[in-house]
There are 2 protein chains.
Amino acid sequence: MYKLPTFCSMPSGVSLWPRMFQASMKLQNEGYGRCTKVSRNVNLERLQKDYLFPEISKRELQHLQKYPNAKLISLGIGDTTEPIPENIALSMANYAHALSTTGGYSGYGAEQGNQVLRKAIVETFYKDVLIKDTEVFVSDGAQCDISRLQLLLGSKVTIAVQDPSFPAYVDSSVIIGQAGDFKDETRKYQNIEYMHCGPQNNFFPDLMATTRTDIIFFCSPNNPTAHAATREQLQQLVKFARDNGSIIIFDSAYASYIMDDSPRSIYEIPGAKEVAIEISSFSKFAGFTGVRLGWTVVPEELLFSSGFPVINDFNRIVSTCFNGASNISQAGGLACLSSEGFGAICSLIDYYRENAKILVNSLASVGLEVYGGVNAPYAWVHFPGSKSWDVFIEILEKAHIITVPGCGFGPGGEGYIRMSAFGHRESILEASWRLEKLFS
Amino acid sequence: MYKLPTFCSMPSGVSLWPRMFQASMKLQNEGYGRCTKVSRNVNLERLQKDYLFPEISKRELQHLQKYPNAKLISLGIGDTTEPIPENIALSMANYAHALSTTGGYSGYGAEQGNQVLRKAIVETFYKDVLIKDTEVFVSDGAQCDISRLQLLLGSKVTIAVQDPSFPAYVDSSVIIGQAGDFKDETRKYQNIEYMHCGPQNNFFPDLMATTRTDIIFFCSPNNPTAHAATREQLQQLVKFARDNGSIIIFDSAYASYIMDDSPRSIYEIPGAKEVAIEISSFSKFAGFTGVRLGWTVVPEELLFSSGFPVINDFNRIVSTCFNGASNISQAGGLACLSSEGFGAICSLIDYYRENAKILVNSLASVGLEVYGGVNAPYAWVHFPGSKSWDVFIEILEKAHIITVPGCGFGPGGEGYIRMSAFGHRESILEASWRLEKLFS
């Protein structure tokens, strides 16, 4: 089933699994390398080896050994690189320093987040759609709340994901026990509905061909395809959820990158409050990837089949499994939403958007089939007929650039490469130049 | 099954559950107050209403309405009140401010935590017991890691808890689906083994009478009983786990309060690495309840029954369901473990310990049966023959002091009251004086 455990204490030379197993049983009697009698969680056993980013790191290392003088550029993991605007950083610094004073000290805050921050989130992002501050739960990031939502939903619900999609939806589904077995032929979990999103359907699933599920994870602007769903597409999605009695978990972590009139929140669509949860984040919006701050909206109108409000259960999950985001990070979040802070943030977003435009224009200029660069900080590049890993290797070998193979986001990403625009401008310019040279 | 949902949109006057249900069905057809077709998670349905702290808050409010001039003192929730030592707060402030510079900015860190902090935790707490820094996972607090450990373990394992105990062990067990039904007669979940801990067994479970479970949650110094298990007691516990092939989840969040030679880590007991995970926290140690920082140790030697290392699965859970503690909080953690920071922290701990001593001595001086005040920041007071809530009300009504009814920590806490020593000195002195007056 799985590889030989790296860490298992055993005499050297015992290298085959069945022998190791026998050895471990033997050792148990000797009181050395003994196993407990606790069975491994079958859901964890089903999880596919997380090879994507470790494999990329491994290849990066090998590349640097092969070309020790190469000036490697990373367009890989979507991590922010530009400093946080000073007024925001200073707000956190002042808050942290004041924790050493009697007046400035604070202990446990509300698990749901600072009331003032919840109000500011509503004021900034949800004023027109009439979300209440009590429906906003401050988190330590969208990825963490995905798992907390899975704890809320439990193992019995069925889920759908866009294919390709951010891996945490599928992985958290496997961990909680919704996904069933992984099928090597299809590279899919048997109980998950994969909604293919590609250029042929304008990166929006064919809902007529989509099986009803309880939960629909939907990310817009999408990571990795960079597509922001149009208003009409989201209207279709909300109608589909309402017709089926499904719950949409709408991931709007990249909403601040939208430039056109695509909705920035699912709640811009009438009727969405009764069928949608929205998760979002300060990470990509304010460079808070390391500071850790996000939020989740659960409208009061969202009800389970019995009429029981979902918000009540989410409140309980947050109170039991979480203890609030760091008070310093929350002070930073509040500063982001002040008029001065928000202005600085907008400049930061413009900077990364310009990066994305530069990258996409370069790739398009040499005739590549490239998506994104408008409403998202990613370029999603199609290499029809090629395998993602082969293209990854070619770009690394010939242009000394790290990218992400699209197949890491699901079978629908095969043949694609994702490039992140979260770099310094000079790296993006240099990378664009090298890519133009490589593909022209 | 459950109470009328507070939030359900419905015409006024519909106040009974069955009618509400019908109304909601009707409304669904009208597209108003409609329910989804997603069933509520049965595990969440099993969770008992979290009445303890909300009920305490409600009574506090009522009391203040009744006695608007009362000088209310809270010995309730165990929240730190003293400022963070300045050198530690300044380290966080400097780190936060530097995030606005190119050199000082950092994005995503390792999900497992900053390598330097992991090494410092080992150097400070685990040097003598040979834990490796790769076995330490930095978290945003012990409570959050309890739930992540439950995700790792899954619904099929059986668990034991001390009775009374910190409510998150039982609640997270119910949420993941291990606990079975709640029995009103016993105030216990049917699948959980409650290990009674009281004065008659020196606050250590009778292991001869304890049914074998896969997992044993064990907190020492204990919240709420304030008892630090002796070396001999922990040797018995480790032997019991080894004999049964169980895994101990050892909560050492209050270890820094130990004054005698009781073990501060389960790994001081030979053989513990093969049967124990340890969770701990900066919260009560450094006043970081709002800053959010903790850690979990999973030794390489700890193996599932198949020989698969538990650390591999925990690493996967942390990478998928968590994204690392805030980098600013981690900078604070590192400062706590510097020689200057550690000295300041020790003074802080001494301060709360002195509070506990004052409180316990007062209670003992008027003949009350009181435990704690030595190795923990709590007083655990026995009122034989009384109900916890009745005593709570009497203390509130007559001395204007908020406490915590022991029955909130499990059936074994009935007849007890927990008092927290995490207050300012003048409040503790005043509370002690009032309690002496009340009970003398």
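This is a predicted model: local features need pLDDT of at least 70, side-chain atom pairs count only at pLDDT 80 or more; totals for chains, interfaces and linings use all residues.
A:Ile279 touches A:Ala142, A:Asp145, A:Ile146, A:Leu149, A:Ile249, A:Phe250, A:Asp251, A:Ser252, A:Ala253, A:Trp295 and A:Thr296, leaving aside residues up to four places away in sequence; contact here means heavy atoms within 4.5 Å. The residue sits in strand β9 (276–281) of chain A, where helices (H or I, at least four residues) and strands (E, at least two) are DSSP runs numbered from the N terminus. With a relative accessible area of 0%, A:Ile279 counts as buried; buried is under 20% relative accessible area, exposed over 50% and partly exposed in between (1.4 Å probe, protein chains only).

Residues are numbered from 1 along each chain as its sequence is written, chains are lettered from A and ligands numbered from 1 in the order in which they are written, and side-chain values use heavy atoms, with hydrogens and water left out.

As for confidence, chain A averages a pLDDT (the predictor's confidence in each residue, from 0 to 100) of 92, and 92% of the residues score at least 70. Residues 1–32 of chain A stay under 50, and the model has 47 contacts beyond four places in sequence for them.

Then there is A:Ser283, in helix α9 (283–286) of chain A. A:Ser283 is buried too, because its relative accessibility is 5%. Its contacts, again without residues up to four places away, are A:Thr80, A:Phe288, A:Thr289, A:Arg292 and A:Leu293.

On to the interface: 104 residues of chain A are in contact with 104 of chain B. The buried area (accessible area, 1.4 Å probe, that two parts lose on being put together, summed over both) is about 8,600 Å², with 58% from carbon and sulfur atoms. A:Arg34, A:Tyr108 and A:Arg316 supply 9% of what chain A buries against chain B, more than any other three residues.

Four salt bridges (a side-chain nitrogen of Lys or Arg within 4 Å of a carboxyl oxygen of Asp or Glu) turn up across the interface of chain A and chain B. In a salt bridge, the side chains of A:Arg40 and B:Asp313 meet at 2.7 Å, N to O. On the side of chain A that touches chain B, α10(A) gives the largest share, eight residues.
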